Amino acid sequence: MSTLAALNFQNAASPLMEQLIFFHDHSMTILILIITIVGYNLISTYTNTNIDQHMLESQPLELFWTIVPSFILVFIGLPSIRLLYLLDEVYQPSITIKTIGHQWYWSYEYSDFLNLEFDSYMIPSNESENLNFRLLDVDNRTVIPFNTQVRTLISAADVLHSWTVPALGVKADAVPGRLNQV
Amino acid sequence: MALLRVIPRKATPSVFMQQVARLHNIERDKIGNREVVGWGINGMYSYVDHIAFPMPAIRFKENSPEIMALKEREKGDWKKLSVEDKKALYRASFCQTYSEMRAPDGRWKSITGWVLFGISCSFWIYIWEKLFVYPPMPDTITNIEKRQAQLKRMIDIRVDPIDGLSSKWDYENNRWKK
């Protein structure tokens, strides 16, 4: 779950989320490298007095700072493409859960084996007990089996909603009249 | 003052030079009696003290009789010039020395002062917001029993077990890891 003043991702609860976190760390490293280089240039323009003010153009320099960013982009893009296609891999899910968004609750249907349907309302703050997380806890929780492939079909009954589990790295819009599969 | 006119002939180099000469004649009115000694920064007759341009286009002072006399003596033996003469010759052509140009001017003190003043203003605004604008914190944060019950539940449901909260709890011995 999300903790107070959390800046990073939640710990991954699925291997895909773990790969997303790794890619995020990789891209952040490259970004910090670029920002350090640019920041150093900025500060040295201000502090270093040995600056040539008459330099108007320099073709080798321009060639260098066009080629090197293209290499950096390749380093970012290859893991990104790999992850993009990894996220769309097909599996054989063991269970299917239908998630339907309403104003303002979710209803879930587990219809594989038993016909199980229930609504999931948020617990209001004035009815919550000591151990309830404010604005996060619900009365009927969605239970998903551990270490299995799960298919979720997400839709909505009235307006657009969005269903997400940050720790699993899934988010899909719940569009009325449409089934989105995660 | 003569203005540049559109010349209805083919623009040859000599025509261009005539226009340049006319422009420089305009500028010569502005600089008084000062001598033109070079190209300067951009060819215009201006005096600028800059560390990247050691030789401005014009001398700094107008040619007075004393300075002309000094210049005559400058054509002779330099050992006969006193230090004061040499300094006067320098100051006739230039306003500041390089040391004076590069000398620290203390602007960083006022800049730092104003920046800190602005930061402190934002702090005062934040204090005003805390006192008069924000509603009180919900009791899930202010009530310590609720915070402890929530924390225990977070540990029980294994929130962030890899490198977050639950990774720091020792489940065998029921206490925080050392």
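Visitor: How much of residues 111-128 of chain B is helix and how much is strand, and how far apart are the end C-alpha atoms?

Guide: This is a predicted model, in which local features need pLDDT of at least 70, side-chain atom pairs count only at pLDDT 80 or more, and totals for chains, interfaces and linings use all residues. Residues are numbered from 1 along each chain as its sequence is written, chains are lettered from A and ligands numbered from 1 in the order in which they are written, and side-chain values use heavy atoms, with hydrogens and water left out. Helices (H or I, at least four residues) and strands (E, at least two) are DSSP runs, numbered from the N terminus. Residues 111-128 of chain B are 100% helix and 0% strand, with the end C-alpha atoms 26 Å apart.

Visitor: Is B:Phe132 buried or exposed?

Guide: Buried means under 20% relative accessible area, exposed over 50%, and partly exposed in between (1.4 Å probe, protein chains only). B:Phe132, which belongs to helix H5 (residues 107-132) of chain B, has a relative accessible area of 61% and is therefore exposed.

Visitor: Where does B:Ser166 lie, and which residues does B:Ser166 touch?

Guide: B:Ser166 sits in the loop between helix H7 (144-156) and strand E1 (169-170) of chain B, and with 4% relative accessibility it counts as buried. Contact means heavy atoms within 4.5 Å; leaving aside residues up to four places away in sequence, B:Ser166 touches several residues, among them B:Met154, B:Arg158 and B:Tyr171. The side chain of B:Ser166 also reaches the backbone oxygen of B:Val159, at 2.6 Å.

Conventions: A polar contact is a pair of N or O atoms within 3.5 Å; within protein, one must be able to donate a hydrogen and the other to accept it, and residues adjacent in sequence count only if both atoms are side-chain atoms.
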